[in-house]
Amino acid sequence: MVTRTIVGIAGLIVVLSLSWLGGLPFLGLALFAALLGGYEFYWMLRTGDFHPHTVPGLIWLALLVLGGWQPALLPLQTVITLGFVIILTLSLFRIERPLHSFLATSAPALYLGIMFSQFILMRQL
């Protein structure tokens, strides 16, 4: 229990320090956390007998997070639209349950990508 407490305090210090610094260190932290959470989300979906497109989903998630960093270069509407088109096209080539594949790929990318991009936008205020 003591080890968990020490690791938790050290992690909190790192997260708060990077949040206070802002800039690229905070972007790196947000991108790392989003990709790690996305990978775990896709792993849970695969375990539940869904078949998401993991790599394209993680790329879409990263682009959504980066869109929060530079909204002028990666507008949210453009990233969402292109992501939907690409994932829908990939899912249509699935023989079994293409709609499940589409939804299992889109939901984690949108949920985590937009949430973390909003964290970055709030930090830039």
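User: Is Phe84 buried, exposed or partly exposed, and what is its relative accessible area?
Analyst: In this predicted model, Phe84 is partly exposed, with a relative accessible area of 31%.

User: What about Phe84 and Phe102, how do their rings sit?
Analyst: The ring centres of Phe84 and Phe102 are 5.8 Å apart and the planes are at 40°.

User: Is Phe102 buried or exposed?
Analyst: Phe102 is buried, at 14% relative accessibility.

User: How many aromatic pairs are there in the whole structure?
Analyst: A search finds three. One of them is Trp60 with Phe84, an edge-to-face pair with 5.4 Å between centres and 70° between planes. Trp60 belongs to helix 3 (residues 54-69) and Phe84 to helix 4 (residues 76-92).

User: Is Trp60 buried or exposed?
Analyst: Trp60 is buried; its relative accessible area is 4%. Trp60, Phe84 and Phe102 make up one aromatic cluster.

User: New topic. Which charged residues sit over rings?
Analyst: Among them is Arg46, whose charged end is over the ring of Tyr39, 5.9 Å from its centre. Arg97 lies over the face of Phe50, also 5.9 Å from the ring centre.

User: And the chain overall, how many helices and strands?
Analyst: Five helices and zero strands. Of its 125 residues, 30% are buried.

Conventions:
Residues numbered from 1 in each chain as written. Predicted model: local features only at pLDDT ≥ 70, side-chain atom pairs only at ≥ 80, totals over all residues. Heavy atoms only, no water. Helix = DSSP H or I, 4+ residues; strand = E, 2+ residues; numbered from the N terminus. Buried < 20%, exposed > 50% of the residue type's maximum accessible area, 1.4 Å probe, protein only. Phe/Tyr/Trp six-rings, centres within 6.5 Å; stacked < 30°, edge-to-face > 60°. Lys NZ or Arg CZ within 6 Å of the ring centre and 35° of its normal.
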